[in-house]
Amino acid sequence: MIADEATLTRLAGLAQRGDQQAYAALLGAAKAWLQRYFRRRTTPCQLDDLVQETLLSVHRKLASFEPSRPFTPWLVAIARYRYVDHLRLIYRRAEDELSAEQVDDHTDEPQITARISLERLFELLPDAQQRAIELVKIEGLSIAEASQSTGQSESLVKVNIHRGLKRLAALIERG
Amino acid sequence: MARNSEDFIAGLVADLRPVQPLRQSSGMGLAVLALGCGVAGTLLVFGPRADLAAGRPDALALLGSGLFLVLALASAWAAVDMARPYVGGRREGWGWTALMAATLPLGALIIIAAAWWRGSPSGLALDGANCLEFGLIWGLFTAAALTLWLRRGAPSLPRRAGLLTGVAAGSAGTFAISLFCPHNELIHIGIWHGLTVVLAGLLGRLIVPRLIAW
């Protein structure tokens with residue numbers, strides 16, 4: 001998250017007391033974090049739904065946040081629960097569809113395969129390069145924002161993007 | 001669901017109302033109250049054990065009741081805490097208490113095995129099933145209180161929360177019924193009272209997760 005832990009915890013405490021401004025800032029920061037968290041775990045077409053479902057759970061279960069504890073571990077627990085629930089729904093739906101012999105020929109398979117392949121390639125990159133490419137080339141952050149988020153200098157972010165993309169291209173060519 | 005995420009967040013912000021954070025003390029208060037209801041129910045319906053009423057409690061029965069009471073409180077504490085999720089937290093204290101209480105059924109099993117080895121009667125009487133039955137019934141107060149509490153919160157590990165709810169309910173019910181149960185033998189306390197906790201834990205693990213899903 002861009003905001004530090006102490007700030008987020010304070011915002012969550014204020015939100016519990018009904019402070020709308022603090023709540024808006026908190027949800028904004030939570031959304032950005034959730035997008036990064038779920039991006040590696042789900043397909044792009046399901047990402048927004050999953051983020052919004054989790055934000056809705058944050059909203060409904062705000063009372064379960066303990067103000068004396070840090071905010072992020074609470075958000076991670078909520079996100080993880082929603083993710084497991086999401087997977088369970090997908091598998092149940094897939095099972096239902098199979099049992100009813102209603103498998104649709106027009107699936108998102110190419111998109112999913114592309115995504116999985118990209119994630120596999122990403123795993124072959126060093127963390128710093130992965131992060132820089134994700135933030136700037138996928139999430140659309142500016143170099144300055146990515147630098148602030150990762151703690152890397154702006155020039156290092158640029159270098160990491162350049163080297164990462166070069167390495168990805170080489171991996172793809174190699175097949 | 002996907003709407004414009006700015007609009008979505010604006011909708012949540014507009015819907016914000018002040019909320020009272022879930023306090024561990026409130027949850028435990030509820031659990032202790034439920035345990036008290038089970039104890040009151042036992043004493044009102046059956047009355048206390050003769051030795052308790054006479055002010056000369058049996059040492060082993062007292063020890064057994066104490067162990068189940070501590071297990072009820074420790075597992076209720078962990079279950080109450082599970083309503084407030086966070087990653088990285090450790091709620092394993094109840095496990096040590098459960099191990100301590102497990103010395104009762106283990107001791108009973110050793111005595112039964114030794115009797116079997118010698119060819120003597122085991123000493124296990126089937127009338128102990130009454131303790132199991134009423135232990136489960138009086139534990140329902142605790143089960144209901146913890147389930148309601150968990151429904152208010154956001155338990156992120158529902159199966160473990162269910163198991164803890166069951167163990168707490170079984171231990172609370174066993175503690176309640178032990179105030180009436182006239183048996184002082186380790187075999188009875190270890191097998192029948194211990195079995196109540198195990199069975200309640202399994203039932204909690206099976207039933208509660210569906211009730212606390214969010």
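**Exercise 1.** Which residues in helix 5 of chain B are buried?

*Solution.* The model is a predicted one. Start by locating the helix: helix 5 of chain B covers residues 93-118. A residue counts as buried if 20 or more other C-beta atoms lie within 10 Å of its own. In this helix the buried residues are Trp94(B), Thr97(B), Ala101(B), Leu104(B), Pro105(B) and Ala108(B). Next, look at what covers them: the cover includes helix 4 (59-81), helix 7 (158-178) and helix 8 (186-211) of chain B.

**Exercise 2.** Describe the course of helix 5 of chain B, from its span to the residue after its end.

*Solution.* Begin with the span. The helix has 26 residues and reaches 38 Å from its first C-alpha to its last, close to the 38 Å expected at 1.5 Å a residue. Then check the axis: helix 5 of chain B bends by about 30° at Thr103(B), and Pro105(B), a proline, follows within four residues. Finally, go past the end, where Gly119(B) has a positive phi, near 85°.

**Exercise 3.** What secondary structure does chain A have?

*Solution.* Chain A comes to 8 helices and 0 strands. Of its 175 residues, 26% count as buried.

How values were computed: Residues are numbered from 1 along each chain as its sequence is written. Chains are lettered from A and ligands numbered from 1 in the order in which they are written. This is a predicted model: local features need pLDDT of at least 70, side-chain atom pairs count only at pLDDT 80 or more; totals for chains, interfaces and linings use all residues. Helices (H or I, at least four residues) and strands (E, at least two) are DSSP runs, numbered from the N terminus. The expected span of a helix is 1.5 Å times one less than its number of residues. The bend at a residue is the angle between axes fitted to the seven residues ending there and the seven starting there. A residue is buried if 20 or more other C-beta atoms lie within 10 Å of its own, exposed if 12 or fewer, and partly exposed in between; C-beta atoms are placed from the backbone. Two residues are in contact if their C-beta atoms, placed from the backbone, lie within 7 Å.
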